[in-house]
Amino acid sequence: MTLHIDGHDDRVVATLNRPEKRNAIDQETIDALHALCAELEEKPRTLILAGAGGVFAAGADIAQLRERTAADARRGINALAFIRIRELPMPVIAAIDGYALGGGAELAYAADIRIGTPALRIGNPETGLGIIAAAGATWRLPEIVGEARAAHLLLTGRTLDADEALAWGLVSAIHPADELLREAHAIADRIAANDPLATQYTKRALHAPRAGHPAIELALQAELFESPAKHERMTDFLERRARA
Ligand code: COA
């Protein structure tokens with residue numbers, strides 16, 4: 001199994017699991033990611049993405065990439081899977097140990113929250129292989145680190161280490177490798193303590209195109225203002241204060 005799935009009530013941990021190939025993302029992994037997305041679209045839960053063997057993912061599978069044709073490129077095999085992950089209703093957390101290169105980095109860019117370890121090495125060496133980073137890097141990376149830094153990374157194919165990735169805001173925290181998953185779960189715990197619909201709507205508003213603001217927030221908030229969960233959560237707060 002190239003993708004190991006560990007499902008819980010409020011979250012799923014999906015671990016890329018081809019350590020002998022540094023978790024290179026092949027068609028089987030993409031198929032498994034689509035199947036996982038279908039489950040999470042049906043029953044929204046937080047997703048934690050990780051990699052086995054001290055590596056997140058060393059890219060798309062170059063052995064498969066080499067044989068792909070123009071028609072394959074146009075099908076956006078990895079791009080569409082990563083967009084689907086990005087659009088999952090609940091947050092996606094990438095727990096990145098070691099290499100996250102090429103398609104592996106793009107999978108991490110699709111997440112809402114990224115945390116790493118001191119061994120993190122992230123970047124897009126695609127131009128060195130004669131291709132572009134077409135599975136999200138050219139539009140997601142500028143959103144994450146700004147256009148100037150994205151251009152620097154993508155046009156040089158340079159890899160960032162953990163300190164640089166943290167300084168650039170590409171990851172929000174660095175943790176020792178043996179604490180990485182626990183920290184990812186701690187983030188998922190915080191998310192789980194909040195109202196799931198409010199979390200989903202926050203993600204939707206964050207992803208809305210600029211021209212859609214503030215109409216999207218107003219529409220989502222209008223729905224939440226009349227939700228029983230909002231009334232209960234606010235009443236609970238007010239009553240706790242009254243008792244104190
Ligand atoms: N696609 C296919 N196979 C890959 C791969 C990839 N992206 N990355 C690593 N592998 C395979 C290697 O071919 C090797 O296979 P083998 O044992 O059958 O020869 C195995 O994984 C181990 O790789 P190796 O290079 O020996 O590991 P390492 O720990 O010395 O180096 C990396 C790790 C990540 C630095 C190195 O594997 C690498 O540069 N990978 C390619 C990165 C890349 O260009 N990614 C962008 C793709 S779009």
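I'll start with a contact between side chains: Asp112 and Lys203 form a salt bridge, 2.8 Å from N to O. By salt bridge I mean a side-chain nitrogen of Lys or Arg within 4 Å of a carboxyl oxygen of Asp or Glu.

This is a predicted model, in which local features need pLDDT of at least 70 and side-chain atom pairs count only at pLDDT 80 or more, while totals for chains, interfaces and linings use all residues. Residues are numbered from 1 along each chain as its sequence is written, and side-chain values use heavy atoms, with hydrogens and water left out.

Now the domains. The chain splits into domain 1 (3-192) and domain 2 (196-243), with bounds from an automatic or database domain assignment. Domain 1 brings 10 residues to the contact and domain 2 brings 5, contact meaning heavy atoms within 4.5 Å.

Between domain 1 and domain 2 about 570 Å² is buried, 53% of it from carbon and sulfur atoms. That is accessible area (1.4 Å probe) lost by the two parts on being put together, summed over both. Of the area that domain 1 buries against domain 2, 58% comes from Arg86, Pro89 and Met90, more than from any other three residues. The rule finds 1 salt bridge across this interface.

The largest cavity has a volume of about 60 Å³, the space filled by probe spheres set on the points, which are joined across faces, edges and corners. Residues lining the largest cavity include Arg86, Tyr109 and Trp139, lining meaning an atom within 4 Å of a point.

Methods:
1 Å grid on protein atoms, 1.4 Å probe; cavity = no way out; pocket = protein on both sides within 12 Å on 5 of 7 lines; lining within 4 Å.
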